[in-house]
Amino acid sequence: AQKCFMIQDQTKFLNAFITLADREWLEKQVDDAQWAPKSARQKHVGELVAVKDNICTADLPTTAASAFLKDFTSPYDATVVRQLRDAGCIIVGKTNMDEFGMGSHSTNSHFQPVTIDTGRGNGMSPGGSSGGSAVAVATGALGTDTGGSVRLPAAYTRTVGFKPSYGLLSRWGVIAYANSLDTVGIFAKEGDTLRQEDNAVDHVRKLFDLLNEHDPQDPTSLPPSTRKRLGTSKPKRLRVGIPLEYNVATLNVDIKRAWIKALRLLKTKGHTLHPVSLPATKHALSAYYILAPAEASSNLAKYDGVRYGSRSEGPDGTPSSVLFAKTRGQFFGPEVQRRILLGAFSLSADAISNYFIQAQKVRRLVKQDFDNVFASPNPLSTKERKRNEKGVDILLCPTAPTMAPSLNRLRTGEKEGTPTDAYTNDVFTVPSSLAGLPAINIPINRAPKDTRTRRGTFAKRHKFESEKIGMQIIGQYGDDKLVLDVAEELM
Ligand code: GLN
């Protein structure tokens, strides 16, 4: 319990939590758990889990980091929370995030930004939108990933972050951002202080196995009959795909080196490497930023101060249109307002065929691209399902094109600080989101610099080499287990 409080205190300073569980309650839970019999059902008894604040809990408020929901406590637990509790997990608190999941640096929060402490007083971006979960993770943490919100923070904080195939984990009780993309994801950290018996990927796997269940309350939850068709087992010699379009001009050189190093490592283990082309990747980011705001503008329509959420002050009898506009102007943050405007525009009669419909077409092309390169057929495809022997088993690429920027730089808005700059961080994560594929971020050791350019003292070099870079493994729909297996082999 002491260690748990230590982590709570540290992360409080980093603003990782919006709400912390009550100390006395927590202490009692942790003590009780020590004496509880480990029955078969309660496999995770006493395990501490942090939950992103857009996932409903009946005992703690759920704000989605929005002023609109600052006083909201859900009457029920989300299915994923119930599953955790049924297995004996203890929810330690609700983590900070970008409002409604919209952002890439966890700076768009009504409760102030999350930071990574560098020990030098200059905070770095923890990534977003699940930045609080990534910073708080000591054992396990839940986040949500719509276009990269678990993988990007995992890359920036050097943790493991897994986004399962769409439809495997229940979304019931998860505050919707963009329904067709929203996925609950899992964080774990290597070498943490509270859990020694398994590695981070293994820990993610255990939580994933626990949550991977059909939920009749979520209409998009994959039915048991389809679940039976999923998954290929790991072949002895993997065919690893290198997506050529991910080698963009703006790719940071250290990230590129780490990518090459990871590919070499797989080769030395007897796997084969295959360059592949995913031509629609170029348009995936633009399509995502049409589709996600469009869905968001519809989802957020219910926050008007009457049906849901906080309400602006005003005299009785104020016309509802005036009240709605005032309330929404007051309680939604600037990024959320921007998304609502963008979404409402792209769905409007004049714009829909040029924007929304085009973006849906791009989404289909992105899916097709993946289906063309994977060896295993897409289990959701209605076409004849045949294995493509020339295809690849998994894809390996970076999670983000650049390293975590400093919060100062984001704040001044000069470099990397504009909304569109934040959008471009998602360039490598949105394609698999659009296709609903499983993808994981793992921290990979940096490759040592070329000896000709290597300068500096041993200490500097040592620090340099100890830093890690986020790599992403993407699999065919339903190949979640394979993705986790490969992650484990690479770490
Ligand atoms: N940065 C992306 C966005 O703002 C991804 C967010 C997410 O996955 N929740 O839309």
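How many residues does helix α11 have, and how far does α11 reach from its first C-alpha to its last? Have a look at the first view for that one. This is a predicted model, where local features need pLDDT of at least 70, side-chain atom pairs count only at pLDDT 80 or more, and totals for chains, interfaces and linings use all residues. Residues are numbered from 1 along each chain as its sequence is written.

View 1. Running over residues 334-346, α11 has 13 residues and reaches 18 Å, close to the 18 Å expected at 1.5 Å a residue (the expected span is 1.5 Å times one less than the number of residues). Helices here are DSSP runs of H or I with at least four residues, strands are runs of E with at least two, and both are numbered from the N terminus. V336, R339, I340, G343 and S346 are buried, with 20 or more other C-beta atoms within 10 Å of their own; exposed means 12 or fewer, partly exposed in between, and C-beta atoms are placed from the backbone. They sit on the same side of α11 because they cover an arc of only 140° around the axis, taken from the directions from the helix axis to the C-beta atoms. P334 and L341, on the other side, are exposed. The cover over the buried residues includes α9 (281-299) and α12 (356-373), counting contacts as C-beta atoms, placed from the backbone, within 7 Å.

**View 2. Helix α1 and its neighbours.** α1 spans residues 2-13, and its 12 residues reach 17 Å from first C-alpha to last, close to the 16 Å expected. C4, I7, Q8 and T11 are its buried residues. Their arc of only 105° around the axis puts them on the same side of α1. Q2, D9 and F13 are exposed on the other side. The buried set packs against β1 (17-20), α2 (23-35), β2 (48-52), β3 (90-95) and α4 (131-136). After α1 comes N15, with a positive phi near 60°.

**View 3. Around the ligand.** Here 14 residues surround the ligand, and G101, S104, T146, G147 and S149 are the closest; a residue is near if its C-beta atom, placed from the backbone, lies within 6 Å. By class, the shell has three nonpolar, nine polar and two charged residues.

View 4. The chain averages a pLDDT of 89, with 92% of the residues scoring at least 70; pLDDT is the predictor's confidence in each residue, from 0 to 100. Over residues 451-456 the pLDDT is below 50, and this stretch has three contacts beyond near neighbours in sequence.

Methods:
Nonpolar A, V, L, I, M, F, W, Y, C, P; charged D, E, K, R; others polar. Contact = placed C-beta atoms within 7 Å.
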